[in-house]
Amino acid sequence: MMLTGCASLSDLREQWSTSDLADAKEFDPAMRERISRALIDADEQNLRAALDQRPDNVNAAISLARALLARNSSDEALQVLNEVLLAAPGDLRALNAKGVVLDQQGRHEEAQVLYRQGLAIEPTNSMLRNNLKLSAALEGKTGSQNSNQELQTGDQYTLARSRSHSQQR
């Protein structure tokens, strides 16, 4: 169901005070969707602003790519990752994330090139090794619908692992 006139976060703040929201026992499902969309949009805007300030911010790029994948905007996610790789060439997390997006698009050979490029930098990286194996397995499967469905579940996990690796550094 399409929602017309989706509220911005500031519109929602003007409509209800925090105490009104805290006292509410139940939200209208349409309102819940509007609030959720406004929060997601605000998060994406913040991530884009962070990348504008620091184009080499791999953490922001991966988080934005995850949000874009959740919206089925894989081409836009690739664009974000391409830009961060220009600013931070050879970053293993960015290479991995781009490989995941390429795999999600069914472009397994291109993804495998990125995984191998990362492994040339850090041969013991288990995240890249696992994704290379997964990509090769997906490339060998017939029935692209099953491959895409299985990979989408793995995408979120893999990009989450990319984020957790970034927090360790």
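Trainee: How many helices and strands does the protein have?

Mentor: The protein has nine helices and zero strands; helices (H or I, at least four residues) and strands (E, at least two) are DSSP runs, numbered from the N terminus. Bear in mind that this is a predicted model, where local features need pLDDT of at least 70, side-chain atom pairs count only at pLDDT 80 or more, and totals for chains, interfaces and linings use all residues. Residues are numbered from 1 along each chain as its sequence is written, and side-chain values use heavy atoms, with hydrogens and water left out.

Trainee: What makes H7 roughly antiparallel to H8?

Mentor: The axes of H7 (residues 108–121) and H8 (residues 126–140) cross at roughly 160 degrees and come within 9 Å. Axes are lines fitted to C-alpha atoms, for helices over the stretch in contact, and angles run from 0 to 180 degrees between N-to-C directions. Angles under 35 degrees count as roughly parallel, over 145 as roughly antiparallel, 65 to 115 as roughly perpendicular and the rest as oblique, so H7 is roughly antiparallel to H8.

Trainee: Why is Gln112 called buried?

Mentor: Gln112, in helix H7, has 6% relative accessibility, so Gln112 counts as buried (under 20% relative accessible area; exposed is over 50%, partly exposed in between, with a 1.4 Å probe and protein chains only).

Trainee: Which residues is Gln112 in contact with, leaving aside its neighbours within four places in sequence?

Mentor: Those are Leu132, Ser135, Ala136 and Glu139, where contact means heavy atoms within 4.5 Å.
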